[in-house]
Amino acid sequence: MTYLKHMKYLLLFLFLPGMLQAQSRSEIARWEKQAQNVTIIRDHYGVPHIYGKSDADAVFGLLYAQCEDDFARVEMNYLEKLGRLSEVKGETELYNDLLNRMIISQADSKKDYKNAPDWLKKLCNAFADAVNYYLYKHPEKKPALLTRFEPWFPFMWTDGSIGAISTADITPAEFRSFYSGEMPTAFIPKANDPEADLKLTGSNGFAFSPKITESENAILYINPHVTFYFRPEVHMVSEEGLNAYGAVTWGQFFIYQGFNEHCGWMHTSSYVDAADSYIEKISKASNGWLYEYNGQQKPVKEEKITLSYQSGAIKAQKEFKALYTHHGPIMAKRNDQWLSVKADNRLYNGLLQCWQRTKANGLEDFKKTLDLKGNISNNTVYADADGNIAYWHGNRVPDRDTAYDWSKPVDGSTIATEWKGYHPIDQTLHIINPVNGWLQNCNSTPFTVAGPNSPKKENYPAYMAPDGENFRGINAVRVLGETKTYNLDKVIAAGYDRRLAAFEVLVPALLSAFEKKGDFPDSLNGLLAMPMLILKNWNYQSSEISVATTLAIEWAQKILPDMLRVKVVDDEEADQVDKFSYYAKTASPRDLLYPLLATMRDLEKRFGRWEVSWGNINRFQRISPDIENKFDDTKESIPVPFASSAWGALPSYSSRVYPGTQKRYGVHGNSFICAVEFGKKIKAKSLLAGGNSGDPASPHFFDQAIMYSKGAFKNVLFYKEDVEKNIEKKYHPGE
């Protein structure tokens with residue numbers, strides 16, 4: 001018996017390489033067969049138009065094309081979701097990895113894939129097969145870590161938003177303090193964090209009904225504000241009814257912001273309260289921790305999580321004990337109270353919804369996708385070929401007891417604070433076909449979405465729309481009301497309005513302070529007289545040749561932390577507009593004038609004079625394929641007239657000085673922008689930050705840069721006959 005057992009293992013050992021080779025050969029044959037069902041046509045801007053026999057074939061072509069354009073970004077997005085960034089970037093990413101391991105369940109993702117219907121499994125299989133086929137065909141491409149992609153990966157990332165992860169009001173610093181054992185940092189509510197407005201995740205979405213368009217067709221304006229090169233522009237077509245165009249987030253297989261021949265969708269980041277923190281009453285037990293719930297003591301669940309990380313030339317490991325109550329992971333200790341978080345950061349229905357909306361054929365069909373309640377972080381602006389326009393504020397909104405203040409941590413020991421399911425879509429805040437004919441959302445309050453025809457605040461619970469106003473929202477309402485009849489070009493012009501509404505509040509306060517400076521020395525008067533005259537004559541529009549734009553923005557950034565920290569009397573949840581306005585009214589002349597003097601000295605130090613036009617210092621540059629941007633004042637760059645959305649700019653361009661530079665370089669803002677007119681035939685124009693490829697050797701690495709800096713859009717090639725007229729390259733994946 002022992003001899004036979006040894007022979008069995010010996011035979012297995014001898015045949016194993018052949019078995020593995022056979023499996024590999026069959027896998028390669030499967031990839032190559034599917035590749036023949038896919039045709040990729042690259043147009044003269046490098047946009048991939050993917051034609052597949054089936055939806056799964058289109059997904060296969062899409063992921064292959066993404067890997068061709070920027071495999072590093074595809075891989076990095078999944079390293080983040082897998083909680084493995086620290087294996088590449090080192091110990092500084094450990095707590096980001098721990099957070100992702102705790103709130104994105106890999107076990108549940110695998111289970112969702114296993115239980116998915118065959119059609120969805122085919123899409124997920126095509127996703128993984130395409131990336132693995134790309135790596136097989138490009139052995140010179142060395143992944144940072146992931147040498148093989150799995151078909152369950154898409155279930156870890158079921159929302160295409162850059163900011164889809166929610167931890168309620170718990171900050172990364174609090175989370176790190178809790179699990180590192182380091183001294184806890186003081187809690188700073190996000191609204192009062194001086195950095196919060198500089199992160200500027202956001203977007204603009206506009207919709208116009210046939211009653212105010214020249215063609216009597218609906219028009220949608222798609223304008224997400226994200227980190228540059230976060231999304232490429234793509235087109236997916238299949239013989240199973242798919243024909244969608246727009247922006248896809250690297251590594252995902254659905255078009256996230258875009259349109260098909262029937263309708264279009266634009267997502268703006270939402271501040272709907274869709275996640276909550278709970279105060280847990282914790283006590284120590286002999287074998288762990290207990291928490292109180294409904295008068296009973298329940299055990300705190302403990303999970304050992306071991307993370308690897310790069311430490312110099314070696315791989316090290318660190319072990320954590322993650323803690324959970326039935327609400328979710330325990331994530332912070334504040335005021336000697338443990339806080340857990342309840343949030344839906346990963347949803348089977350989310351992936352389902354993201355795919356199904358790409359094939360929606362009109363309003364009723366689109367509403368069915370919303371009924372899945374899978375969109376966990378976004379609002380939706382919508383338009384269609386039947387002439388409908390619509391707006392939904394959030395999508396997955398928990399139903400709660402309004403007796404509690406859900407903007408703060410609530411008592412986790414009582415059943416009264418449990419969610420009561422989710423609001424039906426028709427109960428959430430939304431508006432369809434407003435009488436004014438236009439809709440806008442700029443990550444601002446939904447109570448101005450259609451100007452005076454907007455939904456009324458008193459009709460909704462506070463947690464459904466805590467979003468405040470911002471200067472983009474103020475500007476959008478003004479701009480959209482100024483034109484009576486729209487076409488594609490007028491829509492684009494409205495979206496590129498460069499008035500900086502924040503300075504309509506701040507600059508008059510500065511001018512008034514100069515007049516009231518009182519006993520300030522005469523030297524100050526002499527130094528500030530000319531910049532004051534320049535600002536007084538400014539029209540509040542950013543432009544390349546404007547010295548006033550430079551002075552205003554560089555000055556405002558110096559007072560921004562104080563403005564965001566200001567406490568508005570009797571209004572704890574004051575929004576950006578309230579804070580800026582209150583600061584402008586109450587700041588002393590010294591608070592306003594001395595930062596302007598410091599601004600002038602800083603400009604003189606950097607450029608030899610303070611009279612510097614905005615275009616001279618506000619630049620667009622792409623000199624490296626690295627995900628972490630690199631900038632160099634000595635290398636070629638392009639002047640940009642736009643400014644950050646923090647100041648009310650609709651065409652957002654967030655720039656700053658980097659180590660080793662004196663000029664400012666943009667990294668965030670307008671990315672994929674598109675205006676699309678529906679009707680019997682689609683008409684659309686688009687623009688992409690920089691270019692579609694992440695390869696510096698590609699002609700499409702930075703080929704849209706000048707167009708981007710001018711706001712000059714290209715025509716979208718939606719129909720096959722138009723694509724065929726503009727072929728740069730036509731091939732099957734792998735060729």
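User: In which strand does glutamate 233 lie, and is glutamate 233 buried or exposed?
Analyst: The model is a predicted one. Glutamate 233 belongs to strand S5, which covers residues 233-238. Its relative accessibility is 0%, and buried means under 20%. Glutamate 233, in strand S5, is therefore buried.

User: Which side chains form polar contacts with the side chain of glutamate 233?
Analyst: Among the residues that glutamate 233 touches are Tyr245, Ser686, Asn692 and Lys714, not counting residues up to four places away in sequence. A polar contact of 2.6 Å links its side chain to that of tyrosine 245. Another, of 2.7 Å, links the side chain of glutamate 233 to that of serine 686. The side chains asked for are those of tyrosine 245 and serine 686.

User: Is aspartate 55 buried or exposed, and which side chain does its own side chain join in a polar contact of 2.5 Å?
Analyst: Aspartate 55 lies in helix H2, residues 55-82. Its relative accessible area is 8%, under the 20% cut-off, so aspartate 55 is buried. Residues touched by aspartate 55 include Trp355 and Lys359, not counting residues up to four places away in sequence. The polar contact of 2.5 Å joins its side chain to that of serine 238.

User: Which strands stand at the edges of the six-strand open sheet?
Analyst: The strand order is S13-S14-S15-S16-S9-S19, with mixed pairing. Two of these strands have a single partner each, so one side of each lacks a neighbour in the sheet. The edge strands are S13 (301-311) and S19 (410-411).

User: In what sense do S13 and S14 pair, and over how many bridges?
Analyst: Strand S14 spans residues 314-325. In this pairing, serine 308 stands opposite glutamine 317 in S14. The sense is antiparallel, over 11 bridges.

User: What angle does the direction of helix H4 make with that of S13?
Analyst: Helix H4, residues 94-103, packs on the sheet and touches S13, S14 and strand S15. The angle between the directions of H4 and S13 is about 145 degrees.

Key:
Residues are numbered from 1 along each chain as its sequence is written. This is a predicted model: local features need pLDDT of at least 70, side-chain atom pairs count only at pLDDT 80 or more; totals for chains, interfaces and linings use all residues. Side-chain values use heavy atoms; hydrogens and water are left out. Helices (H or I, at least four residues) and strands (E, at least two) are DSSP runs, numbered from the N terminus. Buried means under 20% relative accessible area, exposed over 50%, partly exposed in between (1.4 Å probe, protein chains only). A polar contact is a pair of N or O atoms within 3.5 Å; within protein, one must be able to donate a hydrogen and the other to accept it, and residues adjacent in sequence count only if both atoms are side-chain atoms. Contact means heavy atoms within 4.5 Å. Two strands pair if DSSP finds at least two bridges between them. Axes are lines fitted to C-alpha atoms, for helices over the stretch in contact, and angles run from 0 to 180 degrees between N-to-C directions.
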